[in-house]
Amino acid sequence: MSRHARTDSAHISPSAHYTGYVWYRHQLADPAFATTFGRWVHGLLAPITWGARVGFGLDIENFLLQRHLLIDARLTAAIEQGGVRQVVEIACGLSPRGQRFCQRYPELRYLEADLPAMAARKRLLLHSEGWLNGLHQVQSVNILAEQGAQSLTALFAGLDHNEPVLVITEGLVNYFERPVIEGFWTRLAQQLNQFPQGTYLTELYPDLREHPRYRQLRWGVGLVGRLTRGNYPLHYRNAEEIVAAFSNCGFRATQVLDPSEHGAALGLPPMSLPSLVRVIEARV
Ligand SMILES: C[S@@+](CC[C@H](N)C(=O)[O-])C[C@H]1O[C@@H](n2cnc3c(N)ncnc32)[C@H](O)[C@@H]1O
């Protein structure tokens, strides 16, 4: 791992407190997942999210819910219809998904992973609530690490390589420049190829120039970048570019799911604008 990679993405971690608080606010998480910092950031951003909603019809929390609930729905289908019994959630942050799914499916093996500091925090949280056990665990990982204790190889080493596996990342992809995230996807596809079936679920924000609120989107993206002291690049123009990119990284079948087409099934309110986010389901 290069020195640059080692220090490059810890600045993203505070954003997990904000999303964790949003999941809690929308009854998707136990109060244990809501932090004081998450509540504070949510309050700080409230005038902006209100302005975006009232002024431009852009409901930021609704966009977050679209991705979260669609990933949940695809994970549920993979477990109930696809025979998936082991899940790895990378960049888990303060997401309650692992706890919710382990409660719903007690036989499920669920490995949560994040940078060391966030992983330690999540482990403590789950442990103090009595939610960790032999099947539900937390491990450190750095998606930028090409070898060593925090690499994908180390993360996947303890899994059952005779069983299908499903990997999730949520709220991670757009924080990285395209060559960096595609490097991660290539290493991930190599890992997934060691299982009889490997599926990857993620969300990404494409560069939807034809979207009626594109200018506001660019402004919002700039704001996310400034708040997280980094950058928030939008990588692909459309579904074709996304499918081609995943194919180049070693995924043989990729679906690009638009939450606008699934909103009612997810229990979301009717959308007045096309969704800005896409959920990707890619298989090796
Ligand atoms: C926006 S948060 C999303 C958290 C959670 N998935 C959610 O949706 O609520 C981004 C997460 O990515 C993690 N992260 C940042 N850089 C990472 C890296 N190089 N490897 C693994 N995780 C990373 C952060 O620590 C943080 O928990």
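Glu89 and Arg97 are both buried, where buried means under 20% relative accessible area, exposed over 50%, and partly exposed in between (1.4 Å probe, protein chains only). In this predicted model, local features need pLDDT of at least 70 and side-chain atom pairs count only at pLDDT 80 or more, while totals for chains, interfaces and linings use all residues. Residues are numbered from 1 along each chain as its sequence is written, and side-chain values use heavy atoms, with hydrogens and water left out.

**Salt bridges**

Side chains of opposite charge can pair when their charged atoms come close. The structure holds 16 salt bridges, a salt bridge being a side-chain nitrogen of Lys or Arg within 4 Å of a carboxyl oxygen of Asp or Glu. Three of them are listed here, including the one between Glu89 and Arg97.

| Salt bridge | Closest N and O atoms |
|---|---|
| Glu89 and Arg97 | 2.9 Å |
| Glu281 and Arg283 | 3.2 Å |

For the bridge between Glu281 and Arg283, Glu281 counts as buried at 6% relative accessibility, and Arg283 is partly exposed, its relative accessible area being 28%. Through salt bridges that share partners, Arg67, Asp72, Glu89, Arg97, Arg100, Glu170 and Glu203 are joined into one network.

**Nonpolar core and surface patch**

In soluble globular proteins, nonpolar side chains tend to be buried together. Here the largest nonpolar core has 87 residues, and those with the most contacts inside it are Ile90, Phe156, Trp185, Tyr200 and Phe251; such a core is a set of buried Ala, Val, Leu, Ile, Met, Phe, Trp, Tyr and Cys residues joined through side-chain atoms within 4.5 Å. Helix H4 (residues 60-80) supplies the largest share of this core, nine residues, with helices (H or I, at least four residues) and strands (E, at least two) taken as DSSP runs numbered from the N terminus. Leaving aside neighbours within four places in sequence, Phe156 is in contact (heavy atoms within 4.5 Å) with Val88, His161, Val167, Leu188, Gln191, Leu192 and Phe195.

On the surface, Phe37, Trp40 and Leu44 form a nonpolar patch with about 330 Å² of accessible area together. Trp40 belongs to helix H3 (residues 36-56) and counts as exposed at 51% relative accessibility.

**Aromatic pairs**

The structure holds 11 aromatic pairs, in which rings of Phe, Tyr and Trp (its six-membered ring) have centres within 6.5 Å, with planes under 30 degrees apart counted as stacked, over 60 as edge-to-face and the rest as tilted. Tyr21 and Tyr24 form a tilted pair, because their ring centres are 5.7 Å apart and their planes stand at 50°. Both lie in helix H2 (residues 15-25), three residues apart, about one turn of the helix; Tyr21 is buried at 9% relative accessibility, whereas Tyr24 is partly exposed at 25%.

The rings of Tyr175 and Tyr232 have their centres 5.0 Å apart and their planes at 85°, so this pair is edge-to-face. Tyr175 lies in the loop between strand E4 (165-169) and helix H8 (178-192), and Tyr232 in the loop between helix H9 (214-227) and helix H10 (239-248), so the pair ties together parts that are 57 residues apart in sequence. Tyr175 and Tyr232 are both buried. Trp185, Tyr200, Phe246 and Phe251 form one aromatic cluster.

Technical notes. Patches are made of residues with over 30% relative accessible area and no salt bridge: like charges are joined within 9 Å, nonpolar side chains (Val, Leu, Ile, Met, Phe, Trp, Tyr) within 5 Å. Accessible areas come from the Shrake-Rupley method with a 1.4 Å probe; for residues, only the protein chains shown count as cover.
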